[in-house]
Amino acid sequence: MSSHREAPEISKDPVADSTDLYAFVSPDAPDTVTLIANYVPLQAPDGGPNFYEFGVDVLYEINIDNDGDGVADVVYQFRFTSETTNRTTFLYNTGPILSLTDTTWNRRQTYTVTRWEEGRSPTVLASGVPCPPCNIGPLSTPQYPQLAADAVVTVAPGTKVFAGQRAEGFYVDLGAIFDLGDLRPFEQDHTTFGLSNTGLGQMAAGVNSTAGVNVHSIAIQVPIADLTHGGTTPTSVTATNAVLGIWTTASRQKVCVRGGAPWGESGTGTVAAGPFVQVSRLGNPLVNEVLIPLAAKDHWNSEPPSGDSQFASYVAHPELAGLLPVLYPGVFPNLAAFDAAGAPRSDLVAILLTGIPSGVVPGFQNYTGATQADMLRLNVAIPPTTTTPSNLGLIGGDPAGYPNGRRVFDDVTTIEIRAVAGATLPLVDPSYTPDGAAGVVSMGLTSGPTDLTAMGTEKYLPDFPYLGVPHSGFKFPSKSA
Amino acid sequence: MHGFSRRWFLKTGSAAVVAAGAISTLPGLPSAVGALETQGPADAEATLSAEADASSALEEPLVAHVRDLSTGEIGLFSGTREITILDPQLAARLLRAAR
């Protein structure tokens with residue numbers, strides 16, 4: 001997945017497990033940027049009675065580098081508090097929850113938003129901001145969209161926040177891709193390792209594995225000038241301060257002592273002490289998931305982007321590029337030859353670690369300099385595409401989409417599979433001819449580049465926080481095996 | 001960064017202490033503390049008696065992690081701070097108390 005359960009240790013700590021990061025110029029407020037960091041992956045909507053929530057012992061951060069060194073210059077920090085209002089019941093709610101202050105709602109969260117900027121004292125933008133409840137069902141949360149809308153709070157001029165449950169917006173065919181790289185639309189070409197009676201062998205439609213699950217989102221919309229170096233709103237794509245590098249992190253305190261102490265939340269006696277240490281990180285989708293070796297994934301999660309040169313070889317020589325010609329014999333001969341020659345994938349290094357310099361794609365750049373750092377890179381001078389955007393982003397001719405930041409509907413899996421398959425190699429090596437399959441390979445989850453709903457399985461919102469209303473537990477029970 | 005002084009450590013004598021993976025309250029800790037070295041500035045009040053500080057409240061957890069008995073390296077964690085002290089005698093006493 002984008003970054004769901006992507007590393008062995010963080011997969012055991014879901015409240016700190018970042019799953020997706022989005023950054024885009026807000027289509028309905030183009031003088032602002034919207035940043036969304038998702039956590040708590042793969043929520044079964046009916047997962048009660050203790051429905052999902054953020055970690056009260058986790059420091060969530062959205063980091064912005066505005067001078068290209070892979071070090072944060074502006075950070076938005078989010079800390080959550082839980083409250084059990086009725087200590088005599090086992091229920092999450094004792095009646096319909098009709099407002100964010102309803103006394104029938106027993107287990108609720110609020111949060112504090114703090115803005116940190118290099119060289120300045122931290123500013124608490126707001127505290128006690130309510131999260132909405134989880135979407136339980138027609139009896140418990142009968143007016144859910146309004147409940148969630150009430151949790152969108154303006155905390156500063158031009159700045160609003162939301163933190164709470166959302167429908168998972170990332171679409172992917174997990175069942176296929178993690179079954180030894182199967183892509184259902186192309187499985188007739190899969191090697192199948194000599195196995196017979198696999199049931200494979202014919203083209204099949206993709207399956208959106210995340211179509212019915214929820215996630216917890218931390219979303220903030222801020223004026224562009226609050227993020228850029230110099231505090232201005234760039235209007236030129238080539239302006240020196242036009243590109244932001246963005247990533248999210250989750251951190252925990254070094255020490256945790258369980259039981260027997262008077263401190264801790266809800267009488268658990270669990271205490272934490274010491275400085276926060278980073279346990280989760282996410283910039284570009286799928287980097288840690290697909291490019292970083294299993295043994296290095298949790299280490300990658302603990303590192304800052306400024307140290308990513310240590311991982312650059314995994315980007316320059318991606319294992320997946322070598323696997324594709326093996327899994328799909330005869331389909332990627334040019335990629336196989338390039339890979340065999342041992343040349344680095346400078347296209348992937350540019351897309352993922354430095355940004356694309358001017359002159360490579362006409363009218364576009366999101367270069368942040370020579371420092372290799374995994375960050376979403378957003379050129380804020382590129383206006384949002386409001387007419388016929390492409391879910392393929394830049395490779396679909398839409399410069400407002402991934403890898404120029406990332407919008408909620410961008411088909412990042414297809415974009416990155418095609419890039420790894422060689423579709424973007426001519427950007428840096430005009431002599432290279434991509435294999436025909438590199439331009440068409442996909443998971444088969446959209447009907448085409450202008451499909452912004454993953455064939456009706458995603459229902460994004462036109463405005464903040466953009467990710468859809470979470471699936472109701474009553475309407476979307478967990479799938480049985 | 002705030003340094004943990006000898007006095008500060010004595011004030012927190014009822015803290016849960018982690019030594020070699022064990023968690024234990026050490027009532028005898030104040031008297032066990034010897035010449036505690038700190039990373040911070042020298043504490044002019046280092047000679048304050050344990051009795052004088054016993055009335056002070058422990059307002060937040062204090063955790064000590066003995067990392068190396070031979071060097072006496074001990075990590076102290078409180079709030080969001082961490083400092084490292086070097087005190088072989090204290091490390092040895094903590095180990096004895098934990099056994």
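This is a predicted model: local features need pLDDT of at least 70, side-chain atom pairs count only at pLDDT 80 or more; totals for chains, interfaces and linings use all residues.
In strand β6 of chain A, A:Val129 is the residue that A:Tyr111 stands opposite.

**The β5–β6 hairpin of chain A**

- Strand β5 covers residues 107–117 and strand β6 covers residues 123–130 of chain A, and five bridges hold the two together in antiparallel fashion.
- Five residues sit between these strands in the hairpin, and one to look at is A:Gly119, with a positive phi near 85°.

**The five-stranded sheet of chain A**

- Chain A also has an open sheet of five strands, ordered β1-β2-β9-β8-β7, with antiparallel pairing.
- Its edges are β1 (18–25) and β7 (153–156), each of which pairs on one side only.
- Going from one strand to the next, the twist averages 20°.
- In general, strands of a sheet pair through backbone hydrogen bonds, either parallel or antiparallel.
- β7(A) and β8(A) run antiparallel and share three bridges.
- One bridge between them puts A:Ala156 together with A:Thr159 in β8(A).
- The hairpin that β7(A) and β8(A) make has two residues between the strands, and A:Gly158 in the turn shows a positive phi of about 75°.
- On to the next neighbour: β8 (residues 159–167) and β9 (residues 214–223) of chain A are antiparallel and joined by eight bridges.
- Along that pairing, A:Lys160 has A:Gln221 of β9(A) as its bridge partner, while A:Arg166 stands opposite A:Val215 in β9(A).
- β8(A) is mostly covered, with seven of its nine residues buried.

**Helix α9 of chain A**

- Helix α9 spans residues 412–423 of chain A, and its end C-alpha atoms are only 14 Å apart, short of the 16 Å that a straight helix of its twelve residues would reach at 1.5 Å a residue.
- Twelve of the twelve residues in α9(A) are buried.
- Seen from the α6(A) side, the buried residues are A:Ala321, A:Leu324, A:Pro325 and A:Leu327, and they pack against α7 and α9 of chain A.

**Nonpolar cores**

- The largest nonpolar core has 112 residues, and the members that touch the most others are A:Ala23, A:Val33, A:Ile246, A:Leu378 and A:Ala421.
- α9(A) is the element that gives the most to this core, with seven residues.
- Leaving aside neighbours within four places in sequence, the contacts of A:Val33 include A:Ala23, A:Val25, A:Val222, A:Ile224, A:Leu378 and A:Val380.
- Another core lies apart from the largest one; it has 15 residues, among them B:Val63, B:Val66, B:Phe77 and B:Leu94.

**After α9 of chain A**

- A:Ser447 is found in the segment after α9 of chain A.
- Is A:Ser447 buried or exposed? A:Ser447 counts as exposed because it has 11 C-beta neighbours inside 10 Å, and the cut-off for exposed is 12 or fewer.
- A:Ser447 and A:Ala205 are 242 residues apart in sequence, yet their C-alpha atoms are 10 Å apart in space.

- Chain B has four helices and five strands, and along the sequence they follow the pattern α-β-β-α-α-β-β-β-α.
- Of the 99 residues in chain B, 32% are buried.
- Looking at contacts in chain B between residues at least 6 apart in sequence, 64% join residues at least 24 apart.

Definitions and conventions
Residues are numbered from 1 along each chain as its sequence is written. Chains are lettered from A and ligands numbered from 1 in the order in which they are written. Two strands pair if DSSP finds at least two bridges between them. Axes are lines fitted to C-alpha atoms, for helices over the stretch in contact, and angles run from 0 to 180 degrees between N-to-C directions. The expected span of a helix is 1.5 Å times one less than its number of residues. A residue is buried if 20 or more other C-beta atoms lie within 10 Å of its own, exposed if 12 or fewer, and partly exposed in between; C-beta atoms are placed from the backbone. A nonpolar core is a set of buried Ala, Val, Leu, Ile, Met, Phe, Trp, Tyr and Cys residues joined through C-beta atoms within 7 Å. Two residues are in contact if their C-beta atoms, placed from the backbone, lie within 7 Å.
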